[in-house]
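Dear colleague,

Here is the structure I promised to pass on to you. Please look through it first; my notes on what I found follow below.

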Amino acid sequence: MNQLEQAHQKVTEANALINEAIMNTFLFTWRWWLGIALFIVPWIVWIIFRKKESTDRLLYAGLSSILLGLIIEMFALSMGMWSYPVKFIPNAGLAFLPYHFSTLPVGVMFTLQWMPKINAVLKGILLGIVCAYGIEPFFAKSGFYNPKNWYYFYDVFIYFFIYMVANWLSSRNYFDQLKSKEKVEHNEELNFHFLNKKQKAK
């Protein structure tokens, strides 16, 4: 038990050092602004070009990709497989926020709505190749990501897995309302009578 407490204390001290580094050496630098842009711009682009009638379904898939990405990161970072030398927000943990909460889910959602008749496996492989050999090297060269001895080839399978899970979840049809149908019909009837009264009043 004492060892666990000592370990937690060291983690707390390490987080304090990271927060100090963020505030003193990284905040408002070009890397910080680039990271903020990578967090905001993909969502703006998605809002503009998303398939509007499938918004809820796409967001459901995007949320699942965020959760899966964070779970994978939790194990990988704890084993020192790779690291993120740059932090954007104090006490944000070890996760690279623009990647986990913007770039990854938006990429998955765009891939889902792009040419939906194409085989999901092919789209998953394509997404994995683009992310592993396109986006991650960019993050590494920008100083956001340190792959250490990790090979990009392995990431193709990670992204493929995340996409396939998101694709499966997005194709589920059990999205009926939690309210009972009788209650929904009753509310619709009340709204109809209310509108009729307003029209007669005019």
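In this predicted model, the secondary structure of the protein amounts to 7 helices and 0 strands, where helices (H or I, at least four residues) and strands (E, at least two) are DSSP runs numbered from the N terminus. Being a prediction, the model is read for local features at pLDDT of at least 70 and for side-chain atom pairs at pLDDT 80 or more, while totals for chains, interfaces and linings use all residues. Residues are numbered from 1 along each chain as its sequence is written, and side-chain values use heavy atoms, with hydrogens and water left out.

Of the 202 residues of the protein, 32% count as buried (under 20% relative accessible area, with a 1.4 Å probe and protein chains only). Among contacts (heavy atoms within 4.5 Å) between residues at least 6 apart in sequence, 73% join residues at least 24 apart.

By class, the contact of α2 with α4 has 14 nonpolar, 4 polar and no charged residues; Ala, Val, Leu, Ile, Met, Phe, Trp, Tyr, Cys and Pro count as nonpolar, Asp, Glu, Lys and Arg as charged, and the others, Gly among them, as polar.

Notes. Buried < 20%, exposed > 50% of the residue type's maximum accessible area, 1.4 Å probe, protein only.
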